Amino acid sequence: MNFLLELLISALIVLGGIFALVGSIGLVKLPDLLTRLHAPTKATTLGVGGALVASMLFFFGIEGTLSIHEVLISVFLFLTAPITAHFIAKAHLHEHVELREDLPPTGREQGWSTFDGLPEAEHKDHV
Amino acid sequence: MIEYALNFGYAAVSVAVLLNLWRLLRGPSLMDRVLAVDTMVINIIALIILFGIQQRTTVFFEGALLFAMFGFISTVAYCRFILRGDVIE
């Protein structure tokens with residue numbers, strides 16, 4: 001039983017390390033920022049998740065103390081990773097205005113809301 | 001066995017931090033550098049957690065949590081500064 005637990009913890013640590021490495025390789029290898037954004041925000045978050053689950057199992061199964069901190073850290077990271085990715089993509093679009101021509105059409109009169117603001121009618125509905 | 005896994009984890013995450021550092025130094029645009037720092041913070045949290053497992057102590061989790069919050073807030077503040085020219089309006 002103890003052996004199986006140690007095997008599981010080791011596998012999770014190795015998996016987490018591999019995911020962190022893959023995310024950072026993606027950060028270096030991919031061609032431009034919007035594709036580069038994809039690798040670290042997913043793979044690296046999974047890598048930290050693996051290390052956190054391994055640590056939780058280690059302290060619960062081997063040391064015998066229940067620790068909640070890992071849950072706190074992983075929930076915080078999983079909540080904030082999409083927010084930072086969204087902010088970085090938005091700031092990138094605003095920094096490179098020439099990319100605005102390449103954006104797909106929205107299919108309505110109103111353009112992309114990050115450039116044109118909220119549509120008038122919907123805006124009134126919200127208020 | 002956990003020792004070997006920890007050594008592998010240290011090696012992998014350290015190489016990841018070096019790759020992030022390369023992107024931070026090289027990054028053609030400003031947001032590339034912000035993204036590199038954000039990823040580096042996440043990788044360093046993984047390093048801190050692995051160190052906590054090796055030392056068999058839970059003391060380092062507060063440090064990891066602080067790192068997570070600090071990384072998130074600095075990234076969002078920087079992006080907001082680029083977007084609006086001000087952090088708090």
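Guide: From the N terminus on, chain A runs α-α-α-α-α-α. This is a predicted model, where local features need pLDDT of at least 70, side-chain atom pairs count only at pLDDT 80 or more, and totals for chains, interfaces and linings use all residues. Residues are numbered from 1 along each chain as its sequence is written, and chains are lettered from A and ligands numbered from 1 in the order in which they are written.

Visitor: How many helices and strands in chain A?
Guide: Six helices and zero strands. Helices (H or I, at least four residues) and strands (E, at least two) are DSSP runs, numbered from the N terminus.

Visitor: Why is chain A called more spread out than a compact globule?
Guide: Because its radius of gyration is 21 Å, well over the 14 Å that the globule rule gives for 127 residues. The radius is taken over C-alpha atoms, and the rule is 2.2 Å times the number of residues to the power 0.38.

Visitor: What does the C-alpha trace of chain A span?
Guide: About 65 × 40 × 20 Å along its principal axes.

Visitor: Now chain B. How many of its residues are in contact with chain A?
Guide: 43 residues of chain B, which meet 48 residues of chain A. Contact means C-beta atoms, placed from the backbone, within 7 Å.

Visitor: Which elements of chain B give two or more residues to that side?
Guide: Helix H1 (2-26), helix H2 (30-55) and helix H3 (60-84) of chain B. The largest share, 16 residues, comes from H2(B).

Methods:
Two residues are in contact if their C-beta atoms, placed from the backbone, lie within 7 Å.
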